[in-house]
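Thanks for coming. I will go through one structure today, starting with a term we need and then moving from the ligands to the chain as a whole.

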Amino acid sequence: MTAAPRPSPEECKVLPAGALRDRFAVVTGAGSGIGRAVTLRLVELGASVMGVGRRAERLAETAALAGHRFTYRALDIRHEPPDFLAELAELDLLVNNAGGQFIAPAAEISRRGFDAVLDLNLTAQAALLQAARPGLAARGGRVVNLSLSAPDRGIPGLVHSAAARAGIAALTRSLARQWPAIKLFCLAPGTVLTAGVGEELPPEELAGIVERTPLGRDTSLDEVAEWVAALGCGIADAVSGALIEVDGGSGLVAAAALAG
Ligand SMILES: CCCCCCCCCCC/C=C/C(=O)SCCNC(=O)CCNC(=O)[C@H](O)C(C)(C)COP(=O)(O)OP(=O)(O)OC[C@H]1O[C@@H](n2cnc3c(N)ncnc32)[C@H](O)[C@@H]1OP(=O)(O)O
Ligand SMILES: NC(=O)C1=CN([C@@H]2O[C@H](COP(=O)(O)OP(=O)(O)OC[C@H]3O[C@@H](n4cnc5c(N)ncnc54)[C@H](OP(=O)(O)O)[C@@H]3O)[C@@H](O)[C@H]2O)C=CC1
């Protein structure tokens, strides 16, 4: 499906061994896709990680791959209070990765449909940030909020998600000003060929989107994982509030043209 070559997993690993030694991270959505890849890389770099997701069996699969520095909590970030974060006295990195939406024409999205997508991708994440703030501030911690590339340029079929992702970008910038002890980033991947995105879009549509991406390829899990890890390191010390698009340039293309 990928037309243009992309770096191999080993080429993506630019951070030195031990770069995250003694750091403690929480990754939401750690039982699949991007969240699992991020978790495995953070652990490989020396961090301890607590993973969160609804399905315990998925998290247990990640645990089997990650080893003893991974623990997990099976919970729904939309429907359960974020006490597990408020209880943490110290936290180095929060990766707000759990998210998603359904694709539907704007006119067919009900009030409950909007609420569900806004809740998952914005309101629930804001609650996690509020709960994590004391622990993060105690460590000069960082936050990486996963987003979509170019939500501000309009995404037909994803208007609810685009609104939520634009919201999380604004929230990230605003909190970066209000909470100077914490560095916050938005990381916006392009198309990452996870099982999750495969459930949203049929293979031929995904192939078309990848083909029309300026770099002619998808974004790999390893690339996203390395960017998240880098934002958790000293190299990102001078950055806060930024939206970083790791998307092969897809954000430069109008979403309608990308969709074909
Ligand atoms: C053609 C567009 C091309 C755009 C090109 C741009 C490039 C796109 C690249 C895409 C990149 C994105 C990748 C990813 O995000 S990967 C992650 C993939 N996984 C997911 O996204 C799944 C996440 N979804 C969910 O978890 C749930 O669907 C959600 C939380 C969003 C809702 O869950 P909930 O349990 O609350 O939902 P309910 O079933 O209770 O429904 C609530 C209301 O929502 C309405 N609904 C649900 N599905 C649909 C649908 N498909 N169409 C319309 N409405 C829907 C549902 O009817 C409920 O409302 P009502 O009670 O009023 O009926
Ligand atoms: N793949 C792509 O092309 C792109 C993805 N993204 C974003 O990156 C993030 C990860 O995507 P990806 O890995 O592809 O998708 P997945 O669907 O694989 O990952 C979503 C994860 O979030 C968890 N999750 C979903 N809802 C909840 C909830 N209410 N409470 C707790 N956990 C929840 C899921 O686990 P469980 O179901 O067990 O709860 C799952 O592990 C998402 O925010 C997505 O929108 C952004 C741009 C492109």
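First, the term. A polar contact is a pair of N or O atoms within 3.5 Å. Keep that cut-off in mind, and keep in mind that what you see is a predicted model.

Let me begin with ligand 2. An oxygen atom of this ligand sits 3.4 Å from a polar backbone atom of glycine 29, so the pair falls within the 3.5 Å limit and counts as a polar contact. Valine 192 also uses its backbone: one of its polar backbone atoms is 2.7 Å from an oxygen atom of ligand 2. Aspartate 76 uses its side chain instead, with a polar atom 2.8 Å from a nitrogen atom of the ligand. How much of the accessible area of ligand 2 does the protein cover? On its own the ligand has 870 Å², and the protein covers 90% of that.

Next is ligand 1. Which residues come nearest to it? Out of 20 residues around ligand 1, they are Arg78, Gln101, Ser110, Arg112 and Glu200. Three of these names come back when we look at single atoms. The side chain of serine 110 has a polar atom 2.6 Å from an oxygen atom of ligand 1. For arginine 78, a polar side-chain atom is 2.9 Å from an oxygen atom of the ligand. In glutamate 200, an N or O atom of the side chain lies 2.9 Å from an oxygen atom of ligand 1. Taken alone, ligand 1 exposes 1,300 Å², of which the protein buries 64%.

The shell of ligand 1 divides into eleven nonpolar, five polar and four charged residues. Helix H5 (111-139) and H7 each supply at least two of its residues. The largest share, five residues, is from H5.

Where in the chain is alanine 89? It lies in the loop between helix H4 (83-86) and strand E4 (93-96). Is alanine 89 buried or exposed? Its relative accessible area is 62%, so it counts as exposed. Even so, alanine 89 touches Pro134, Gly135 and Ala138, leaving aside residues up to four places away in sequence. Alanine 138 is 49 residues away along the chain, yet the two C-alpha atoms are separated by 7.4 Å.

Last, the whole chain. Its secondary structure comes to ten helices and seven strands. The radius of gyration is 17 Å, close to the 18 Å that the globule rule gives for 260 residues, so the chain is as compact as a globular protein of that length. The C-alpha trace spans about 50 × 45 × 40 Å along its principal axes. Of the 260 residues, 52% count as buried. The chain exposes about 11,800 Å², and carbon and sulfur atoms supply 54% of this area. Among contacts between residues at least 6 apart in sequence, 75% join residues at least 24 apart.

That is the tour.

Note on methods
Residues are numbered from 1 along each chain as its sequence is written. Chains are lettered from A and ligands numbered from 1 in the order in which they are written. This is a predicted model: local features need pLDDT of at least 70, side-chain atom pairs count only at pLDDT 80 or more; totals for chains, interfaces and linings use all residues. Side-chain values use heavy atoms; hydrogens and water are left out. A polar contact is a pair of N or O atoms within 3.5 Å; within protein, one must be able to donate a hydrogen and the other to accept it, and residues adjacent in sequence count only if both atoms are side-chain atoms. Accessible areas come from the Shrake-Rupley method with a 1.4 Å probe; for residues, only the protein chains shown count as cover. Helices (H or I, at least four residues) and strands (E, at least two) are DSSP runs, numbered from the N terminus. The radius of gyration is taken over C-alpha atoms; the globule rule is 2.2 Å times the number of residues to the power 0.38. Buried means under 20% relative accessible area, exposed over 50%, partly exposed in between (1.4 Å probe, protein chains only). Contact means heavy atoms within 4.5 Å. A residue is near a molecule or strand if one of its heavy atoms lies within 4 Å of it. Ala, Val, Leu, Ile, Met, Phe, Trp, Tyr, Cys and Pro count as nonpolar, Asp, Glu, Lys and Arg as charged, and the others, Gly among them, as polar.
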